[in-house]
Amino acid sequence: ALAVSLLETRGFTQDDFALSHPGGSLGKRLLLQVADLMHTGAQIPVVTEQAVIIDALLEMTEKKLGMTAVVDESSKLTGIFTDGDLRRTLAKNVDIHHDQIVGVMTRNCTVIKEHILAAEAMRIMEQKKINALLVVNAGQHVVGAINMHDLLRAGLV
């Protein structure tokens, strides 16, 4: 109790603690950003709106994040195609070898910025009951991707 009172009197904050103990779970929750964990460059699963469903499925399988971003001709994010979307698509009369991804993707998907704390990304995923997020810049271009496994590996739980 004395130690806590002294810390409060001195104005010692959670951020100060995190800087003193960056390897601990509180330190990670307060310091680790999405940018520190996200997949970038060629690791990001991306297809264009013109892609057929099987191409999106192959991209998802290759990149192993359980989803793929769907972008327009200017590389701006227009949607996401997830494992869940795939299951819903297969339940319909859809030809995965000829129908375009734009007809079955999820528009207006939840995204995050790279400077956001990784703990906030986890909170969003838990709240929305999703397993992955696309990371976008101010122009809505995909700059990264992060999934729940990345957050678990980082020790945020």
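How many bridges join S1 to S2, and do they run parallel or antiparallel? S1 and S2 are joined by 3 bridges and run parallel. The model is predicted, so local features need pLDDT of at least 70 and side-chain atom pairs count only at pLDDT 80 or more, while totals for chains, interfaces and linings use all residues. Residues are numbered from 1 along each chain as its sequence is written, and side-chain values use heavy atoms, with hydrogens and water left out.

**Overall content**

The protein has 8 helices and 6 strands; helices (H or I, at least four residues) and strands (E, at least two) are DSSP runs, numbered from the N terminus. Along the sequence the pattern is α-α-α-α-β-α-β-β-α-β-α-β-β-α. Of the 157 residues, 39% are buried, where buried means under 20% relative accessible area (1.4 Å probe, protein chains only). Among contacts with a separation of 6 or more, 56% are between residues 24 or more positions apart; a contact means heavy atoms within 4.5 Å.

**Sheet S1-S2-S3**

This open sheet of 3 strands has the order S1-S2-S3 and mixed pairing. Two strands pair if DSSP finds at least two bridges between them. S1 and S3 are the edge strands, each pairing on one side only. On average, neighbouring strands here are turned by 30° against each other, direction ignored. Val-46 has Ala-69 in S2 as its bridge partner.

S2 (residues 67-71) and S3 run antiparallel and are joined by 5 bridges, with Thr-68 opposite Phe-81 in S3. The two strands form a hairpin with 5 residues between them, and Ser-75 in the turn has a positive phi of about 65°. Strand S3 (residues 77-82) is largely enclosed by the rest of the structure, because 5 of its 6 residues are buried.

Helix H5 (residues 53-63) has as its buried residues Ile-53, Ile-54, Ala-56, Glu-59, Met-60 and Lys-63. Their cover includes strand S1 (46-48), S2, S3 and helix H6 (83-90). After H5 comes Lys-64, with a positive phi near 60°.

**Sheet S4-S5-S6**

The other open sheet described here has 3 strands in the order S4-S5-S6, with mixed pairing. Its edge strands are S4 (111-112) and S6 (142-147), and each pairs on one side only. Helix H7 (residues 118-128) packs on this sheet and touches S4, S5 and S6; the direction of H7 makes about 130° with that of S5. Axes are lines fitted to C-alpha atoms, for helices over the stretch in contact, and angles run from 0 to 180 degrees between N-to-C directions. S4 and strand S5 (residues 132-136) run parallel and are joined by 2 bridges, with Val-111 opposite Leu-134 in S5.

| Strand pair | Bridges | Direction |
|---|---|---|
| S1 and S2 | 3 bridges | parallel |
| S2 and S3 | 5 bridges | antiparallel |
| S4 and S5 | 2 bridges | parallel |

**The largest pocket**

On a 1 Å grid over the protein atoms alone, a pocket is an open set of points where a 1.4 Å probe fits, with protein on both sides within 12 Å along at least five of seven lines; lining residues have an atom within 4 Å of a point. The largest pocket is lined by 21 residues, of which Gly-66, Thr-82, Ile-130, Asn-131 and Ala-132 lie nearest its centre. S3, H6 and helix H8 (148-153) each supply at least two lining residues, and H6 gives the most, with 5 residues.

Conventions:
Buried means under 20% relative accessible area, exposed over 50%, partly exposed in between (1.4 Å probe, protein chains only).
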